[in-house]
Amino acid sequence: MSEAAIQVKDLTKVYKLYNRPRDRFLESMGLSRGRTLSRDHYALRSVSFDVKRGETVGIIGTNGSGKSTILKIITGVLNPTGGSVTVNGRISALLELGAGFNMEYTGIENIYLNGTMIGFSKEEIDAKLDAILEFADIGDFVNQPVKTYSSGMFVRLAFAVAINIDPEILIVDEALSVGDVFFQSKCYRKFEEFKQMGKTILFVSHDLSSISKYCDRVVLLNQGEKLAEGEPMKMVDLFKKLLVGQLDLDTLEAKGPAGPAVIGTGDADAMWTPAFPTNPDINEYGDRAAEIIGYNILDAEGRSSNTIEKGSECTIQMRVLFHQRVTDPIYAFTITDLKGTDITGTNSLFEKVNVRPMNEGEIQEISFTQKMDMQGGEYMLSLGCTGYDGSDFVVHHRLYEACNVTIVSVKNTVGFYDANSQVKLLN
């Protein structure tokens with residue numbers, strides 16, 4: 001028996017793109033008079049990798065890099081233009097949850113429909129039915145047509161069917177974040193159970209914490225090509241550089257994944273311009289006696305990045321231009337969750353920094369360096385320059401929710417912060 005559960009060799013997928021719908025018709029009917037009215041778009045270009053039996057492999061990459069296309073070819077939803085895929089084992093796929101469901105059928109009928117499509121007999125599905133219903137936990141709705149379900153109930157049933165069919169190979173595309181927090185917890189426990197049983201798992205996710213925690217190996221794609229594969233954290237690190245345009249693809253190809261180069265701009269002002277996306281609808285206000293004219297987040301290696309590994313150091317920095325004299329400026333940052341709840345933050349007053357009065361036209365550059373022990377997840381960063389006019393508190397300039405911050409974690413605990421507990425068994 002082959003050691004590889006999945007073998008992908010020189011996989012290529014090309015789509016023909018047309019400027020006008022009529023061009024597609026003319027070319028398909030042979031009426032283009034010898035002209036080529038289409039152009040080729042390579043969704044995948046000569047991608048190769050293997051997934052060993054019992055291995056968990058993740059696929060990451062920018063939007064449009066071909067991640068989902070690979071999974072659809074492996075599961076037979078799409079045909080490749082070139083190359084080959086060999087699968088040794090029975091697959092259950094979580095691609096687009098509920099794909100293949102008949103909206104007129106009840107939940108029970110769809111369970112049998114999907115089980116039959118995967119290759120199980122009625123008797124085998126009968127044996128798994130109770131586990132599926134218990135996992136989905138949608139009550140009597142399982143006897144109602146699926147078209148009457150809420151979106152939450154729909155994805156719960158779809159996930160329950162796919163993951164309780166007991167496949168040899170599980171294919172997952174962005175499906176571990178469905179439902180409420182309790183159902184997500186149940187999904188992750190099942191995922192862990194699959195790993196412990198030695199099942200083969202291949203999954204695509206934008207959740208870098210899940211990629212780091214669950215994968216044995218990661219494949220990094222960009223614009224349809226495989227850039228690298230290797231240890232999860234190394235691939236996540238390359239992906240972070242790729243996201244902010246700091247990965248030299250030519251150097252990466254020459255040196256291999258161990259030695260990518262960082263592209264430097266040579267512009268001193270560039271350090272105050274984030275290399276990651278910022279909030280286009282930023283809420284800014286203040287009397288503008290001072291103005292935040294630049295800011296950035298630097299990871300532990302000094303790269304501009306809003307993706308920070310939990311437990312590592314990062315630096316939040318900002319540049320403030322003073323339009324008027326301010327005698328006692330206060331420089332601050334705040335990190336909130338996506339609901340706006342303050343998680344952490346500080347300012348130069350709290351930290352007892354001796355600031356100096358600033359005159360009109362002067363610029364002050366400030367940095368806050370800290371170890372990031374927040375739980376893995378998505379947060380928002382706000383920046384501010386404030387002060388006092390006599391006894392009155394004054395906001396000179398505040399950038400509220402300037403950008404998001406992603407904390408990548410392989411271990412989360414309870415609450416917002418990790419207390420870094422050391423656990424010992426004393427007997």
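I began at Lys147, which counts as partly exposed at 49% relative accessibility. Exposed would need over 50%. I note that this model is predicted.

**Lys147 and its partner**

I looked up which side chain meets Lys147 in a salt bridge. I found Glu104, at 3.0 Å, N to O. Glu104 lies in the loop between strand 5 (91-94) and helix 3 (107-118), and Lys147 in the loop between helix 4 (122-136) and helix 5 (151-164), so this pair ties together parts 43 residues apart in sequence.

**Inside helix 4**

I turned next to Lys122. Its salt bridge is with Asp126, and the closest N and O atoms are 3.2 Å apart. Lys122 is exposed, with a relative accessible area of 51%. Asp126 counts as partly exposed at 35%.

**Glu55 and Arg217**

Then I went to Glu55 and Arg217. Are they buried or exposed? I found both of them buried. Their side chains form a salt bridge at 2.8 Å, N to O. Glu55 sits in the loop between strand 2 (38-52) and strand 3 (56-61), while Arg217 belongs to strand 8 (residues 217-222), so the pair joins parts that are 162 residues apart in sequence.

I followed the contacts onward. Glu55 and Arg217 are linked with Lys226 and Glu229 in a network of salt bridges.

**Tally**

How many salt bridges does the structure hold? I noted 18. Among them are Glu55 with Arg217, Glu104 with Lys147, and Lys122 with Asp126.

Conventions
Residues are numbered from 1 along each chain as its sequence is written. This is a predicted model: local features need pLDDT of at least 70, side-chain atom pairs count only at pLDDT 80 or more; totals for chains, interfaces and linings use all residues. Side-chain values use heavy atoms; hydrogens and water are left out. A salt bridge is a side-chain nitrogen of Lys or Arg within 4 Å of a carboxyl oxygen of Asp or Glu. Helices (H or I, at least four residues) and strands (E, at least two) are DSSP runs, numbered from the N terminus. Buried means under 20% relative accessible area, exposed over 50%, partly exposed in between (1.4 Å probe, protein chains only).
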